[in-house]
Amino acid sequence: MRVWTVAWNTFRESIRNRVMLNILLFAIALILLSLVVGDWSMGHQVKVIKDFGLSAMSLFGLLIALFIGIRLMVQELEQRTIYIIASKPIQRWEIVLGKFFGLAVTIAINLFLMALTLWIVDWVVEKRIDLGLAPAIVLMYVEILLVVGFALFFSSFTSPTLSAVATIVVFVIGHMSGFLRDYVQIYPDKGFHWLLKAIYYVVPNLENLNLKSTVVEHLELPPHTFGFGLLYGLGYIFVVLFLTVSIFERRDLK
Amino acid sequence: MANAVIRIENLTKVYKGELGQKSVVGLEDLRLDVEEGEVYAFLGPNGAGKTTTIKLLTRLLYPTRGKIWILGRLNTTRESMKHVGYLPEQPNLYGYLTGVEFLDFIARIFGLDAGTRKTRIGDLLHRVGLSGKGKQLIRSYSRGMLQRLGMAQALINDPALLILDEPMSALDPIGRKDFRDLILELKKGKKTIFFSSHILSDAEMVSDRVGILKEGRLIHTGKLDELVGSQASSIEVTFTFEPGAFPPSDLGVTDALFQDRKVMVRIHREEDLPDLIHRIEAKQGRLLSVVPLKKNLEDLFMAEIGR
């Protein structure tokens, strides 16, 4: 119950934030612009529109996650609004989970509005709605939630700038996992390969959550690929939230 | 002990130094009981450990050593905070909410039902002087209004214990008076109030007992009337005299103030008074007033801190 109270308040804070609204409007404008970009392509208009649209959703979803994920937590600590809440009969884990679920709902609504725009654009061009994009959007949502989880995790013990940098590093490395693995296999004697190996095992492989090219190219999507991605992402979210709660529970709120 | 609303035993807080910095002792071996219905003022200069104590009471900080019981429960549990209201120093509240939305949010954390929330929010806004301002966004509130709303949120659960950190520091004289009145009204309602302050006159007006903290240690605690109210710390004697009747040295006191024909002297021992009056009368002086000056909290505070 208290988790939902905090979640509702977090959601209310997000939707009253003008910066987030601007990011959303910009994303929707860019997805609409894909009509023009698609027009320039030679015979691949539909594919380009979907590719462009999904990439825009991913990028702006990530921006919103970074922006509000870090800001919400750090703001609570820096502006000391947390004193009021944490001194009430509420557990610290309820605050962290409330923040996370509030952000999750905000991002779900944002992604839904962007997806709706993409489907409208798709309908204008194809005269049909390609629901085959849905699995990619669902996993994109899980990926963004995972990034939010990391943003909360880092901002629970470090500064906003460091949190933003660390979260972006996780995002970039997460999309380069395959490269890391190949590099360690090709050059096993390099002195720092243990470090790369450690990074490979700790940082989630975000490519497991990337179905964009599969759905755009209409390649076969076995159910276990989607299922694995979903469980993999949710599992990582659980671990990151667990660590965030563990740190936040022990932290002095100076 | 049976009625101790706050019980603190051997409470110590050491702030660990970061990146090679030395550790700092914020609070050392504090032992304190605050009884039911008492107004306890926690005094001390900046950095004495007042806010550290309050943050330890409200579970914002974890103690290095020691234990705290609130209303008979160890304060490590969520339930211990159910009947506590807390107002931080210069509170920052959620600027994107209106006053009503904010109070509703806090009331929901306490699990109050919709009917109680509605009634209590209306009552509290009226009580803290924010009637008609509840629909305004908090970011448009002045410092004083924030303090008043902060007090309203501290009272939303009708707490048995109120913990207030420098509640009057951001207020203008009218705001301070309103706050004092509110504390006195709550005192009448048998609430226990623990507050920190550096405004000694305010503390003196509302508190039953005071504790003085210096460099993380409680150096003095006791009932206010026992400490400051019972004895005169000095006596102020005013009289007139004929010009040239006697020089100041004849008075036998060093603390004298002359204005035209009027003299005001201050003596610090009651037994010196008859002798002084005798000297004045012997020189044809006319006694105007004899006023015993009571020791006030500021005298006590300065004496303790300066020790």
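# Why these labels? Questions on a two-chain model

Modeller: Leaving out neighbours within four places in sequence, B:L273 is in contact with B:I235 and B:I267. This is a predicted model, in which local features need pLDDT of at least 70 and side-chain atom pairs count only at pLDDT 80 or more, while totals for chains, interfaces and linings use all residues. Residues are numbered from 1 along each chain as its sequence is written, and chains are lettered from A and ligands numbered from 1 in the order in which they are written.

Colleague: How far is B:L273 from B:V237, in sequence and in space?

Modeller: The two are 36 residues apart in sequence, with 8.7 Å between their C-alpha atoms.

Colleague: Is B:K16 buried or exposed, and how do you know?

Modeller: B:K16 has 10 C-beta neighbours inside 10 Å, so it counts as exposed. B:K16 lies in the loop between β1 (4–15) and β2 (24–35) of chain B.

Colleague: What makes the phi of B:E166 worth a remark?

Modeller: Most residues other than glycine have a negative phi. B:E166 is not a glycine, yet its phi is near 45°. B:E166 is in the loop between β7 (161–165) and α5 (173–188) of chain B, and with 20 other C-beta atoms within 10 Å it is buried. B:Q90 also has a positive phi without being a glycine, at about 40°. That residue belongs to the loop between β6 (84–87) and α2 of chain B, and its 14 C-beta neighbours inside 10 Å make it partly exposed.

Colleague: What makes a set of residues a "nonpolar core"?

Modeller: The members must be buried Ala, Val, Leu, Ile, Met, Phe, Trp, Tyr or Cys residues, joined through C-beta atoms within 7 Å. The largest such core has 138 residues, and A:M57, A:I107, A:V147, A:V148 and B:A152 touch the most other members. Helix α6 (residues 134–155) of chain A supplies the largest share, 16 residues. Apart from this core lies another of 6 residues, including B:V237 and B:I280.

Colleague: Which residues does A:V147 contact beyond four places in sequence?

Modeller: A:L62, A:A65, A:L66, A:T167 and A:F171.

Colleague: Why are α3(A) and α5(A) called roughly antiparallel?

Modeller: Axes are lines fitted to C-alpha atoms, for helices over the stretch in contact, and angles run from 0 to 180 degrees between N-to-C directions. Under 35 degrees is roughly parallel, over 145 roughly antiparallel, 65 to 115 roughly perpendicular, and the rest oblique. Helix α3 (residues 45–78) of chain A packs on α5(A) at about 165°, with the axes 10 Å apart. That value is over 145, so the pair is roughly antiparallel.

Colleague: Now to the two chains. How many residues of each are in contact?

Modeller: 19 residues of chain A with 23 of chain B. α1(A) gives the most to chain A's side, with 4 residues. By class, that side has 7 nonpolar, 6 polar and 6 charged residues.

Colleague: And what makes α1(A) roughly antiparallel to α2(B)?

Modeller: They pack at about 160°, with axes 9 Å apart. Since 160° is over 145, the label is roughly antiparallel. A:R2, A:T5 and A:N9 in α1(A) meet B:F105, B:R108 and B:I109 in α2(B).

Methods
Contact = placed C-beta atoms within 7 Å. Helix = DSSP H or I, 4+ residues; strand = E, 2+ residues; numbered from the N terminus. Nonpolar A, V, L, I, M, F, W, Y, C, P; charged D, E, K, R; others polar. Buried ≥ 20, exposed ≤ 12 C-beta atoms within 10 Å, placed from the backbone.
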